[in-house]
Amino acid sequence: MVRLDPRTERIIAEQVEGFWLKKEKPSFAALMRRIGEVCLTEGLSPPHRSTVQRRVSELIPLVAARKRGEREIEAASTPSPGQLSVAKPNALWQIDHTIVDVVVVDEQYRQPIGGNRPGRTAFRGVC
């Protein structure tokens with residue numbers, strides 16, 4: 001595995017933080033140009049596009065939304081404080097449905113059965 005020069009890592013982090021995470025959100029191509037220019041100025045070879053893309057995808061969406069001032073995303077992602085009360089037992093239930101990472105196959109021919117993956121549904125009484 002080839003590791004990136006720590007100076008290049010620093011440049012990527014600085015440019016993502018100071019240039020890309022702005023309210024007007026420059027394009028990814030503009031971020032790449034900016035990183036390339038700074039790397040060349042410091043005598044380093046610019047990182048590959050996929051390297052920078054990986055660093056950007058590792059950002060926590062809520063943190064990025066806050067830095068950009070995207071209030072709608074921040075509000076939708078942040079749990080709001082409050083209290084939930086019910087009048088009697090079993091008045092509130094939670095339902096969770098998850099697609100299972102399994103393919104059901106025919107016993108004899110080992111061919112998939114049905115077109116959809118199976119799911120698991122769980123019901124839980126909260127109170």
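Me: Contact means heavy atoms within 4.5 Å. Leaving aside neighbours within four places in sequence, which residues is Gln-15 in contact with?
Reply: Gln-15 is in contact with Trp-20, Leu-31, Arg-34, Ile-35 and Val-38, once those neighbours are left out. Before going on: this is a predicted model, where local features need pLDDT of at least 70 and side-chain atom pairs count only at pLDDT 80 or more, while totals for chains, interfaces and linings use all residues. Residues are numbered from 1 along each chain as its sequence is written, and side-chain values use heavy atoms, with hydrogens and water left out.

Me: OK. Where is Gln-15 placed, and is Gln-15 buried or exposed?
Reply: Gln-15 is in helix 1. Helices (H or I, at least four residues) and strands (E, at least two) are DSSP runs numbered from the N terminus. Gln-15 is buried, at 11% relative accessible area. Buried means under 20%, exposed over 50% and partly exposed in between, with a 1.4 Å probe and protein chains only.

Me: What's the overall layout of elements?
Reply: From the N terminus on, the order is α-α-α-α-α-β-β, that is, five helices and two strands. The protein has 127 residues, and 20% of them count as buried. Among contacts between residues at least 6 apart in sequence, 49% join residues at least 24 apart.

Me: Back to helix 1. What about Thr-8, buried or exposed?
Reply: Thr-8 is buried, with a relative accessible area of 3%. Thr-8 also belongs to helix 1, which spans residues 6–20. Beyond neighbours within four places in sequence, Thr-8 is in contact with Cys-39, Leu-44, Ser-45 and Pro-47.

Me: Which residues of the largest nonpolar core touch the most other members?
Reply: Val-16, Phe-28, Leu-31, Ile-35, Val-52 and Val-56, out of 16 residues in that core. Helix 1, helix 2 (28–41) and helix 3 (49–57) each supply at least two residues of this core, and helix 2 gives the most, with six. A nonpolar core here is a set of buried Ala, Val, Leu, Ile, Met, Phe, Trp, Tyr and Cys residues joined through side-chain atoms within 4.5 Å.

Me: And Ile-35, what is in contact with that one, leaving aside neighbours within four places?
Reply: Ile-11, Ile-12, Gln-15, Pro-47 and Val-52.

Me: Which residues of helix 3 are buried?
Reply: Thr-51, Val-52 and Val-56. Seen down the axis of helix 3, the buried residues fall within an arc of 135 degrees, so they line one face of the helix. The arc is taken from the directions from the helix axis to the C-beta atoms. Helix 1 and helix 2 are among what covers these buried residues.

Me: Switching to pockets: how much space lies in the largest pocket?
Reply: About 150 Å³. On a 1 Å grid over the protein atoms alone, a pocket is an open set of points where a 1.4 Å probe fits, with protein on both sides within 12 Å along at least five of seven lines; lining residues have an atom within 4 Å of a point. Points are joined across faces, edges and corners, and the volume is the space filled by probe spheres set on them.

Me: Which element gives the largest share of the lining of the largest pocket?
Reply: Helix 1, with five residues. Helix 1 and helix 4 (61–68) each supply at least two lining residues. The lining includes Glu-9, Ile-12, Val-16, Arg-55, Leu-59 and Lys-67.

Me: How does the lining of the largest pocket split by class?
Reply: Seven nonpolar, no polar and four charged residues. Ala, Val, Leu, Ile, Met, Phe, Trp, Tyr, Cys and Pro count as nonpolar, Asp, Glu, Lys and Arg as charged, and the others, Gly among them, as polar.

Me: Now the loops. What's the phi of Asn-90?
Reply: Near 65 degrees, a positive value in a residue other than glycine. Most residues other than glycine have a negative phi. Asn-90 is in the loop between helix 5 (71–77) and strand 1 (93–99), and is partly exposed at 48% relative accessible area. Arg-110 has a positive phi too, about 60 degrees, and is not a glycine. Arg-110 lies in the loop between strand 1 and strand 2 (119–125) and counts as exposed, at 57%.

Me: What does Val-102 touch, not counting residues up to four places away?
Reply: Arg-117 and Pro-118. The C-alpha atoms of Val-102 and Pro-118 are separated by 7.1 Å, with the two residues 16 apart along the chain. Val-102 sits in the loop between strand 1 and strand 2 and is partly exposed, at 40%.
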